[in-house]
Amino acid sequence: MRTLKGPAIFLAQFAADAAPFDTLDNICKWAASLGYKGVQIPTWVSGFIDLQKAAESKDYCDELKGIAASHGVEITELSTHLQGQLVAVHPAYDTAFDGFAAPEVRGNPKARQQWAVQQLLWAAKASQNMGLTEHGTFSGALAWPYIYPWPQRPAGLVEEAFDELARRWTPILDKFDEAGVDLCYEIHPGEDLHDGISYEMFLDRVNNHPRANLLYDPSHFVLQQLDYLDYIDIYHERIKMFHVKDAEFNPTGRQGVYGGFQSWVDRAGRFRSLGDGQVDFAAIFSKLTAYDFAGWAVLEWECALKHPEDGAREGAEFIASHIIRVTEKAFDDFAGAGTDRAANRKMLGLD
């Protein structure tokens, strides 16, 4: 077994125009001051990284790693969540998702998708140039508007959506394979890959691609009432990334999983800062340790109530306190009898 690496922090929710959240240098210094040992970089934040340059220049990647290292932190992974979303967009969401893309491709779904694919290909090469072995993203969605079947879905609709999703992602997965990087899908409502079954449907269509792996985030499973501990038992071989994010689900006689179109504050299911929700992180860290998870424990802060800087400060301490330093010996070694095969056979009555 290995000891999980961490604590680390996903920088997406903290990026801003003002210091210390405006540049990679400033935000790494801030993260280190809170006790973080790693940072996960959102590649759409130009103040942190130029993705194309990172794909084309190992020297530039070394510069970025050097900036982080100067503050005593590592770059843990890169993320293309926003760009991955645009690999597959149902027309109902065209306007809403246009803001994720570069201005020159907005209003042009075909050009926007091509832009997104190029972003993923750059991310594969940039990760390789940085010596990273995992990358986080979203799958995008073609079937999501039909998640609740009323009127009933016509035969073959979901199958066609997943066939197309696989067609779009297979060449991207192949490029990540060439780069030696696992592409880790965050399983998330709003994406076609939103639970275990939908992930399996996709995995089957990409022929169990070795790079089609998972970013584990239990908060999304609390909100849809999926057993997030059993999920680890089922998919641990594919879990390569870990977002440490809390959530709570408090249904009432007025609302449940769907939330009644309420704001995050008023929803039955909502994200919370670490320790303020209902996720059993002691069990999660125990399971991941037992399954020899080799990656980082990365805070993703999202909370409807608490200030982000308080969540970040508390999150570093929370993760550090949950990381299990693995033992190098069994607890009952002191009572070992030091027997050999002959003694074992004698104890069994075989000699």
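**Helix packing and aromatic contacts**

At 10% relative accessibility, Phe271 counts as buried, where buried denotes under 20% relative accessible area, exposed over 50%, and partly exposed the range in between (1.4 Å probe, protein chains only). The model is predicted, so that local features require pLDDT of at least 70 and side-chain atom pairs pLDDT 80 or more, whereas totals for chains, interfaces and linings use all residues. Residues are numbered from 1 along each chain as its sequence is written, and side-chain values use heavy atoms, with hydrogens and water left out.

Helices (H or I, at least four residues) and strands (E, at least two) are DSSP runs numbered from the N terminus. The axes of helix 10 (residues 228-235) and helix 11 (residues 281-290) come within 10 Å and cross at roughly 5 degrees. Such axes are lines fitted to C-alpha atoms, for helices over the stretch in contact, with angles from 0 to 180 degrees between N-to-C directions. Helix 10 and helix 11 are therefore roughly parallel (under 35 degrees; over 145 is roughly antiparallel, 65 to 115 roughly perpendicular, the rest oblique). Tyr228, Leu229, Ile232 and Asp233 of helix 10 make the contact with Ala283, Ile284, Lys287 and Leu288 of helix 11, contact being defined as heavy atoms within 4.5 Å. The residues of this contact comprise 6 nonpolar, no polar and 2 charged (nonpolar: Ala, Val, Leu, Ile, Met, Phe, Trp, Tyr, Cys and Pro; charged: Asp, Glu, Lys and Arg; polar: the others, Gly among them).

Rings of Phe, Tyr and Trp (its six-membered ring) pair if their centres lie within 6.5 Å; planes under 30 degrees apart are stacked, over 60 edge-to-face and the rest tilted. By this rule there are 18 aromatic pairs. Tyr216 and Tyr231 are stacked, at 5.8 Å centre to centre with 25 degrees between the planes. Tyr216 lies in strand 6 (residues 212-216) and Tyr231 in helix 10, so the pair ties together parts 15 residues apart in sequence. Tyr216 is buried at 0% relative accessibility, and Tyr231 is buried at 3%. Trp264 and Phe271 form a tilted pair, at 5.0 Å centre to centre and 35 degrees between the planes; Trp264 is partly exposed at 41% relative accessibility.

The charged end of Lys245 sits over the ring of Phe271, 3.7 Å from its centre, and Arg267 lies over the face of Trp264, 5.1 Å from the ring centre. The criterion is NZ of Lys or CZ of Arg within 6 Å of the ring centre and within 35 degrees of the ring normal. Elsewhere, ring pairs link Tyr199, Tyr216, Phe221, Tyr231, Tyr235, Phe242, Phe285 and Phe293 into a cluster.
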